[in-house]
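Take a look at the protein shown here.

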Amino acid sequence: MKIAVITGASSGMGREFVTALDKQKEFDELWLIARRREQLLELDKETRAKVRAIPLDLTKKESIEEYAALLEAEKPEISVLVNAGGYGKFGTFEEMKLDDLMGMIDLNDKALVAMTYVSLPYMVRGSEIYQLGSLSSFQPVPYINVYGASKAFVLSFTRALNVEIKKKGIRAMAVSPGWVKTAFFDRAVVDDTIKYYNRFYTAEQVIKRALSDMKKGKDVSICGFPVRAQVFATKLLPHKIVMKIWCRQQKK
């Protein structure tokens with residue numbers, strides 16, 4: 001049984017990955033993971049492949065164990081793994097809730113590593129892994145510091161993993177967009193700490209670029225020339241200056 005596994009599939013980037021992959025590739029089933037079963041089942045009406053809704057909270061160890069047990073029982077071929085589950089919170093570090101800070105690390109990093117580790121034995125030559133990163137992966141970001149750091153981890157982990165699994169014919173790529181119009185902001189924005197958003201892209205644009213970049217053999221996908229230029233600039237400028245520019249944009 002050939003499948004795609006997509007976390008965070010109920011909304012945002014995850015949901016858009018479901019649509020895009022179902023159009024581009026042939027799967028026997030789409031294993032969709034998120035906490036809300038009802039929203040996952042809605043996608044069954046929109047896809048060619050059969051949807052298997054798997055309601056899990058990936059920050060919990062028992063959820064990873066449940067997923068691992070399902071793989072052991074079904075023994076599918078995972079053609080594509082998309083780790084799109086994650087969230088961010090904008091604000092001053094000292095004023096954030098500790099649960100939110102630790103939750104970002106648990107979901108953005110620990111769950112992503114666990115899902116990748118458990119899934120790899122079921123992947124074959126030609127299989128693909130998409131890990132959702134961020135433009136903030138490339139620089140320290142005051143007032144989004146833990147979220148940015150969590151995405152820097154995703155970038156470093158994914159690029160190194162891609163080298164390790166290359167000999168097996170499996171690819172891993174970090175998808176690192178700038179601002180994207182999704183429900184992400186409904187949870188991330190709690191006040192006016194972040195005021196300046198220079199440019200927005202759609203999830204469809206980001207994922208179209210990601211699928212194209214995977215075919216080209218890239219290990220990082222960045223949608224939009226302005227965003228790629230910004231990433232290039234962060235490599236040339238000292239991060240102290242990069243952070244000063246960011247803070248000036250946010251009127252800090």
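A cavity is a set of points, on a 1 Å grid over the protein atoms alone, where a 1.4 Å probe fits but cannot get out; lining residues have an atom within 4 Å of a point. This is a predicted model: local features need pLDDT of at least 70, side-chain atom pairs count only at pLDDT 80 or more, and totals for chains, interfaces and linings use all residues. Residues are numbered from 1 along each chain as its sequence is written, and side-chain values use heavy atoms, with hydrogens and water left out.

**Cavities**

A search of the whole structure finds 2 cavities of 30 Å³ or more. A volume here is the space filled by probe spheres set on the points, with grid points joined across faces, edges and corners.

The lining of the largest cavity includes Lys 89, Phe 93, Met 104 and Tyr 147. Helix H4 (98–119) and helix H5 (145–165) are the elements that give two or more residues to this lining. H5 gives the most, with 3 residues. Helices (H or I, at least four residues) and strands (E, at least two) are DSSP runs, numbered from the N terminus.

The second largest cavity has Thr 7, Leu 58 and Met 115 among its lining residues. Here the largest share, 4 residues, comes from H4.

The table sorts both linings by class. Ala, Val, Leu, Ile, Met, Phe, Trp, Tyr, Cys and Pro count as nonpolar, Asp, Glu, Lys and Arg as charged, and the others, Gly among them, as polar.

| Cavity | Volume | Lining by class |
|---|---|---|
| Largest cavity | About 50 Å³ | 8 nonpolar, 3 polar and 1 charged residues |
| Second largest cavity | About 40 Å³ | 5 nonpolar, 3 polar and no charged residues |

**The sheet**

In what order do the 7 strands of the open sheet run? The order is S3-S2-S1-S4-S5-S6-S9, and the pairing is parallel. Strand S3 (50–55) and strand S9 (220–221) stand at the edges with a single partner strand each, so one side of each has no neighbour in the sheet. Two strands pair if DSSP finds at least two bridges between them. Strand S6 (residues 171–175) and S9 pair over 2 bridges. In S9, Ser 221 is the bridge partner of Val 175.

Helix H3 (residues 61–74) packs on the sheet, touching strand S1 (2–7), strand S2 (29–34), S3 and strand S4 (77–83). Contact means heavy atoms within 4.5 Å. The direction of H3 makes about 165° with that of S2. H5 also packs on the sheet, touching strand S5 (128–132), S6 and S9. The direction of H5 makes about 160° with that of S6. Axes are lines fitted to C-alpha atoms, for helices over the stretch in contact, and angles run from 0 to 180 degrees between N-to-C directions.

Methods. On a 1 Å grid over the protein atoms alone, a cavity is a set of points where a 1.4 Å probe fits but cannot get out, and a pocket is an open set with protein on both sides within 12 Å along at least five of seven lines; lining residues have an atom within 4 Å of a point.
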